[in-house]
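I opened this notebook to keep track of what I looked up in the structure, one topic at a time. The sequence and the model come before the entries.

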Amino acid sequence: MIADSPTGVLVLSQSPYRGSSAEPDLGAILNDNVLFTEFAFSSDPNSSAEDDTLSNSRKFTTASGICGVVDRGSVCALGMLPPMEDIMQAISDTDSPRTTIFDVLDTELLAGPPLLRLRIAAIHKSCQLPDGRHVQVIVASAPLERTLVVDSALTTLSARIYESLDHIYKALLPQATEQITSNDHIRVDIECIIQYAHAIELRAHARTAALSKVKDVPASGAVQRSFPWIAGQRSSRSATPRSATPTSAASDSVPVPSIDIDTESWQAHMLQLQDHISAYLSNLERETSMCGDFESRKKICTALVESVEKLATDSIYANIFSPWFSDDRMCDEQFASKVAALNVANITLEHLGLVTTKETVSELQRICAETGRMLESMNGVKSPAEKLKLVVDAHKSVVERMDRLNERTRLVKSRHQKLETSGGPSDGASTAGSEDIPELLSADSILPLLIYSVVRANPPRFISNLRYIQRYRTRSLLTSQYEYCMTNAQAASSFVTSVDARKLGLSAE
C-alpha cells in the first residue's frame, strides 16, 4: 500500500544531529523521515518550492507510522497510523481496486490540528544518490520524530481532558467558584489515565519499530554518504558494526501484552476517578449545598467520568480496539463466515421460533432491518459509551416496534370478536379469519428478532465491538438496562457462533 505511493520524499534537518547517543540511529531517522506521499511534487523546473507547497496539500505516511500533510510551507504531523491490519481491512472493504492507504486515512485525524509542525526551508526535487537513483528532499527546520508526535498527542489529550472537565463542571454547576481539576486527587487520577494512554502508545511504537526497523541496506549508506550532515557532519564513519546500532539491537519480537491486565487496569483507573469525583461533590454539597441530592450529584459525576472515558479511548482507539495480541479479528472473521452461511441457507424468523403471518412478516422484516442498521453503525463511532448506546437503541427500536405491532394485533382481534358476537360472517369465514390473526409478541421475541437482525445485517467487526464495550465502558456506570441489552447482544453473537444449522431445519450444505 505504501509502495503504491508515487513518490518518496526525504526530510532532512537544517541543523546537525544533536541526539543523546554518540552515533545517530540512521534506521530510525529514515523510518521517521522518508515520506511516502499521496502524489509527487511538481516536476516543472521553473516552479519554486514555495509555489509548489502552497499549490497542493499532500498527505504522507512514514515507515514508523507517522501520518500528516505537507502544506503551506510546512511538514505537519497529524497523528499515528492505525495498525496495518486495520488499514488492510479498510482497503479491502472498498470497491475500487486502486484504493491506497491515503484513501482510508481517518478524516477526523487529517482535519485536526498539527501535533508537530516543521517549517520548510527548501525543496530539492531531484537529488541524485551515489548509486544513480534520485530522491526528492525537503530541508526542514527539524527532523520528524515519532516519539515527539506521540508525546505531543498525549500533551494534547491532557489539555483536552482538563478543559472538558472544567467546562462540563461549570456548565452543570455555574455557581461553583473553583475548577474541579484543582482537586489533587482528581488531578492524580487524570494523570494516571494519561499515563495509561501513554503506555499503550509506547507499546504500539515498540511493535511498529520492531516491524519496520531498517537494517543494513545500501540506500541508508547512500543517503548518509550523500548528506553527511544528517549524522552531525562527521568526517568519517564509525567503526561500530551495524549490528551494534540501537535499531538492530531491537528485539525481533515484542512481548505479548495481556488483554485482561489492560482491561482491569483501565477499569481500576476509571473507578478511582469516579470515586474521587463523587467524594469531591459530596464534600462540596456539605459545605455549600450547591450540588443537590444524590441523584443530581450522580448525574454530574457520570457526565464528568464519561467525558474522560471518551477523550482517552478516542485518542488510543486504534491500539485498543481489536488489539493485535487478541483473537478479536479471528473471531470477527469466523462470525462473519457463520452469518454468511446462515444467509445462504435462507434462515427465516420461523427457524428461530417466531410464528409469523402474511400480515406480520413484512413488518417484522422492517423491524429487523432497522435494528441491523443501528448495529452496523457501531463501527462508525469510537467511544464505548456511544457503541453501547447503539446497542441499547437497537433494543428500544425492537421493543417499540413490537408494541406498535401488538397494538394493531389487538385491534384486529377486537374487531374479529365483535363480528363473531354480532353474528356477522358465517362460521367458516370466521374460522378462516381467525387463523390469519397473528399472536401477540412477548419479551421472549426480543432475542430471536435481535438474532435475525444480526444475521441479515452481518454488522462489521461485531464481536470486536461487543468486546470493546465490555473492556472499556466504565463498569460502575452501567445500569441494569445497559447490562440487559449487552447480555442479549452477547447471546445473539453466541447463538450465531455455535448454532448447528441442521438443528434449525436448514440445509447443512
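Which residues form one aromatic cluster? I find that Tyr196, Trp266, Tyr317, Phe321, Tyr468 and Tyr472 form it.

**Entry 1: ground rules.** I am working with a predicted model, in which local features need pLDDT of at least 70 and side-chain atom pairs count only at pLDDT 80 or more, while totals for chains, interfaces and linings use all residues. Residues are numbered from 1 along each chain as its sequence is written, and side-chain values use heavy atoms, with hydrogens and water left out.

**Entry 2: the chain as a whole.** I noted 18 helices and seven strands in the chain; helices (H or I, at least four residues) and strands (E, at least two) are DSSP runs, numbered from the N terminus. Of the 509 residues, 45% are buried, where buried means under 20% relative accessible area, exposed means over 50%, and partly exposed lies in between (1.4 Å probe, protein chains only). I also looked up contacts, meaning heavy atoms within 4.5 Å: among those between residues at least 6 apart in sequence, 76% join residues at least 24 apart.

**Entry 3: aromatic pairs.** My search of the whole structure gave nine aromatic pairs. Rings of Phe, Tyr and Trp (its six-membered ring) pair if their centres lie within 6.5 Å, and planes under 30 degrees apart count as stacked, over 60 as edge-to-face and the rest as tilted. One of the pairs is that of Tyr317 and Tyr468, which is edge-to-face, with 5.4 Å from centre to centre and 85 degrees between the planes. Because Tyr317 lies in helix α11 (residues 317-320) and Tyr468 in helix α17 (residues 462-472), this pair ties together parts that are 151 residues apart in sequence. I checked the accessibility of both partners: Tyr317 counts as buried at 13% relative accessibility, and Tyr468 is buried with a relative accessible area of 1%.

Entry 4: How many residues does helix α10 have? I count 22 for α10 (residues 294-315), which reaches 32 Å from its first C-alpha to its last, close to the 32 Å expected at 1.5 Å a residue; the expected span is 1.5 Å times one less than the number of residues. The axes of helix α9 (residues 259-288) and α10 come within 10 Å and cross at roughly 145 degrees. Axes here are lines fitted to C-alpha atoms, for helices over the stretch in contact, and angles run from 0 to 180 degrees between N-to-C directions. On the α9 side, the residues that meet α10 include Trp266, Met270, Leu273 and Ile277, and on the α10 side they include Arg297, Ile300, Leu304 and Val308. The residues of this contact divide into 11 nonpolar, four polar and three charged, with Ala, Val, Leu, Ile, Met, Phe, Trp, Tyr, Cys and Pro counted as nonpolar, Asp, Glu, Lys and Arg as charged, and the others, Gly among them, as polar. Among the buried residues of α10 I listed Arg297, Ile300, Leu304, Val308 and Glu309.

**Entry 5: two loops.** In the loop between α9 and α10 I stopped at Ser289, whose phi is near 60 degrees, a positive value in a residue other than glycine; Ser289 is exposed, with a relative accessible area of 57%. Ile180 sits in the loop between α5 (146-172) and α6 (184-212), and at 1% relative accessibility Ile180 counts as buried. Not counting residues up to four places away in sequence, Ile180 touches Leu165, Asp166, Tyr169, Ile186, Ile277, Tyr280 and Leu304.

**Entry 6: α16 and what follows.** Is α16 mostly covered or mostly open? It is mostly covered, with 10 of its 12 residues buried, among them Ile446, Pro448, Tyr452 and Ala457. Ile446 is buried at a relative accessible area of 8%; Ile446 and Val399 are 47 residues apart in sequence and 7.2 Å apart in space, C-alpha to C-alpha. Just after α16, Asn458 takes a positive phi of about 50 degrees although Asn458 is not a glycine, and at 25% relative accessibility Asn458 counts as partly exposed.
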